[in-house]
Every structure is written in structure tokens, then in C-alpha cells.
Amino acid sequence: MNPENLVIFKGTRDGINIIVDKEADFNDIKSKLEKKVLEATKFFSGAKTNIFFSGRELTSEEEMDLLEIISEKTQINITYVDTKESNEDAKPVEIPNDKALDLGSLVHEQLKQHNLTKFYKGNIRSGQEISFVGSVVIIGDVNPGAFVKAGGNIIILGALKGIAHAGCNGMRDAFIAALTMRPVQLRIADIITRFPVIEDKNAPLRPEYAYIEDNQVYVLQLA
Amino acid sequence: MSEVIVVTSGKGGVGKTTSSANIGTGLALANKKVALIDADIGLRNLDVVMGLENRIVYDLVDVVEGNCRLKQALIKDKRFDKLFLLPAAQTRDKNAVSPEQMKKLCEDLKEDGFDYIIVDCPAGIEQGFKNAIAGADRAVVITTPEVSAVRDADRIIGLLEANGLNNPLLILNRLRVDMVKRGDMMNIEDVTEILAIDVLGIVPDDEAIVVSTNRGEPAVSDPNSKAGEAYRNITRRILGEEVPFMKFEENESFFTKLKKIFSK
């Protein structure tokens, strides 16, 4: 088999079709892709396009690997990603332009969104908002007036004193965990709750997490 | 080395102007050449608090628009010979100046040999705020121990950091020791727990401030004022000295002291 054919780029009306060889070792494919992408850097630079993978069934990890190579080595703006063979009828999810190239946003419906995670280090202050299609992990406090919104779960290694909305696209089994739970409001999927005001300032602070059961938000101590 | 320090708060009425006046005066008393800039165009106050209102000829907008030279607009404070004030325009609004122009102005003042340039920021987060922080190297955030002021300070800190002004310093103003002791007012720990920034100083609530503000004499020059002492400490900390925080003990009467001794 001609090594040139391990990875083939094919421009189509809808974007770039990347045909991946069915048989070859995945590592070979990765190095070949990297080489080809580097050769075509100029061609890719600044372009805005869709990407399809075809020729072989890729696991989501493999797909992420390939996308990582493309986004690292080029200036290409990927608007959406699709794998042709594994899901013929699947409608790809459009990603807003400003999110392009951010690897975290290279998502399509088949990829479980909450498994993508955005990490944020630092405090979220009043008026600031963190919003992400996947899950969010924050190392720092979420202050009153701040807002964290995630398609998946939210974990706050710090105090939650603002508003957190987990599973904002309807994922009802999403959870919110924080080292100190003092939110103004908790939202999971379509359920909004007010958090009881804790009067006792010296109440022991234990990590807690919130989840939905029977259409109600429950907050339990973590361990 | 010269430095531009912006004094800001978000919320109005927490003591930005008073603090600017006192910090500026304090630095001038420490023999530094200081320019106070009133960036609150349309609602100028700093000149009144400094008692220099009647000496205004040109203002900040005149300088920016080229109607006068920078030196002409700077008012020299005759009481403190290294202190200058650049007043705001009263008949214009915040849009009369752009952040680039403010940046240029701060650069020009630095070149003129000023050691410290203190910018008194207007309340709010709009154009006036953006102008005031444009040329700043450091920021001082003023808050009072009230949830609304702390919330606004938090917002301001976020905006300052977004504009590259990291590690702003906090002044907690108008603290009432008796109320804190009763648990009716937030104390410094409560405030820093939310804001999580370094504290530059704590200023107790002091009637003398009202008097000195009305008279146009900054409290920092009054040796008997508690708030003045707090501002003197703040000034020394800005100059890089390590100064312990003031102890806020109520003036105990002889009788209560006696009672304390016997109750031991």
C-alpha cells in the first residue's frame, strides 16, 4: 500500500473530507496526517471550514487526537466536525465562529458533551460568566453575582456563592459539586432552586454536591 | 520611578475622592511630587475636597483638546508644595476624553517628573471608568463594609484584571468598630474572604473626615484624626514600608477599665 494514501485530503463543497486508511496502524496515520497538514499549512491558514472523517471508523479519542494535530499545526478554523461512516444521518452541531479552533468546541452530537471539560483557575467575580458546552472545573471561588453555566457537570474547588447551572442543555443527571456550597441559586437542567440561607456563619464547611431526583434538587455532603 | 495609581470602587459614595485626596496629600507630605487627576468629568469633586475650586482656570478636557498646556492646567497646592491637581471639566461629559488620550496624559505627567499620579475614578463601569484606568500602573479599590459596595468592588476587580491591572489593593473605608464588635457589620475578614486581594488599609468611620472634607483640608494632615492616621499608614505602605494595621480600640473610660481589672 502506498504510504501516501494513508491520509487523503479531499476538498468538497461542504468542507474538507479527510479519508483515513482502514487497515493502517493509527500511529502511522497520525504521523502522516501531521506531515500532510504541515505541508499544507499555507493552504489552511485562516480558512474556515468543516471537516469530515471517512474511510474508517474512529473512536472519539482517535478523532480528538487527529483534530488536535490539525488545530495545533494550522491556523484553520474548524466550524464543525463529522465522521461520515459511523453516522450517516447525524446532523452535525454548528459551533459559533468565535469558538472555532478551541479544541474544546470541536464537538458533534455523537461525542458525549459532558466528557469534554473546561478547567479554569482563578476566582470568578461578580459580572463574570463561565459558559461551556461540556463540564466545568473551577479551581477558585465563584463569587456572588458570578455565573457558571455548563452543558455537563460543574465542580468547584472553592466556594460557590453565585449561580451555577449544570446540564443547561437538558442533561438531568448533571451534578454540581463545591467545597463550600453557598449559592444564590442552583440550576440543574430545567430545574431552578433557591438555596436556603445559612444564618450560622460558623457552620462547618463541608464539600457538598447537588443533583436531581424526582424533579427536585438534593444537596448532599460529599463523603 | 513614577507610578500611576487609579483609585476606584464601582459603587458611588464609598470614599474614592476622599481617599484620592488623602493619599495624594499624604504622598506629598512624604516629599513626593504628586499629581491628582480628577477623572470624574461632569461631576467634579476633587477640587472641592482639596479646597482648590476657586483656582481652576483650565481643566483636563482643555489639556486633552489642546486648549492649554498641561502645566497651565495643573493647580499647585500652596499648602503642600509638591502637590498638584488636574481638575475635571464640569460642563462636559465622560465621552469628551478617550482612553488613549488619558494614557498619553499619564505618560506626559510621568515625563514631567511626577513621582505619583493619582487618578480619582468616577463611579460606574462605563466610559469614565475605562478612561480612568487606561494609563494606570496600579489600582486601589475602595469599599465600605456593606454587601452592595463589596459586590461592586468584586465586579471592579474582575474588570481591572481583565484590563491587565492585576493585584489591585483594597482599602476598607468607613469601618465602625463598635458595630463590628456587635456582629452587625462585616469585618475585614468577611470582606477579604469574598474579594481575595491584599489589603492596603482600613479606615475607621470618623466624623473628622466630614469636617475636613467640607473645609477642603485633607484629614491626613490632621494629627488628631483616626482616619487621618489610617491614611498616613496607607501612604507609608504605598511607599513600600511595612506598617502594622491600626488597633481599633474604643476609647475606654476609666470606669470600664476598672471593671475589667476586677472581673479578671
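Modeller: Let's start with a term: a residue is buried when its relative accessible area is under 20%, exposed when over 50%, and partly exposed in between (1.4 Å probe, protein chains only). In this predicted model, local features need pLDDT of at least 70 and side-chain atom pairs count only at pLDDT 80 or more, while totals for chains, interfaces and linings use all residues. Residues are numbered from 1 along each chain as its sequence is written, chains are lettered from A and ligands numbered from 1 in the order in which they are written, and side-chain values use heavy atoms, with hydrogens and water left out.

By that cut-off, 48% of the 223 residues of chain A are buried. Chain A has three helices and 15 strands (DSSP runs, H or I of at least four residues for helices and E of at least two for strands, numbered from the N terminus).

Now for the cores. A nonpolar core is a set of buried Ala, Val, Leu, Ile, Met, Phe, Trp, Tyr and Cys residues joined through side-chain atoms within 4.5 Å. The largest one holds 90 residues, and those touching the most other members are Val6(B), Ile37(B), Leu86(B), Ile118(B), Val119(B) and Leu195(B). Helix α7 of chain B, residues 147–162, gives the most to this core, with seven residues.

Zoom in on Ile37(B). Beyond its neighbours within four places in sequence, Ile37(B) has contacts (heavy atoms within 4.5 Å) that include Leu46(B), Leu60(B), Met102(B), Ile117(B) and Asp120(B).

Val34(B) sits in strand β2 of chain B, which covers residues 34–38. With a relative accessible area of 0%, Val34(B) is buried. Leaving out residues up to four places away in sequence, Val34(B) touches, among others, Gly24(B), Leu27(B), Phe84(B), Phe114(B) and Ile118(B). Leu52(B), by contrast, is 18 residues along from Val34(B) and 15 Å away in space, C-alpha to C-alpha.

Arg138(B) is in strand β6 (residues 138–143) and Glu3(B) in strand β1 (residues 3–8) of chain B, so the pair ties together parts that are 135 residues apart in sequence. Glu3(B) counts as buried at 13% relative accessibility, whereas Arg138(B) is partly exposed at 25%.

Asp47(B) is another charged residue that counts as buried, at 1% relative accessibility, and its side chain meets that of Arg44(B) in a salt bridge of 3.4 Å, N to O. Arg92(B) and Glu65(B) form one too, with their closest N and O atoms 2.9 Å apart. That pair links distant parts of the chain, 27 residues apart: Arg92(B) lies in the loop between β4 (83–86) and α5 (99–111), and Glu65(B) in helix α3 (residues 60–65), all in chain B. Both ends are partly exposed, with Arg92(B) at 36% and Glu65(B) at 39%.

Key
Salt bridge = Lys/Arg side-chain N within 4 Å of Asp/Glu carboxyl O.
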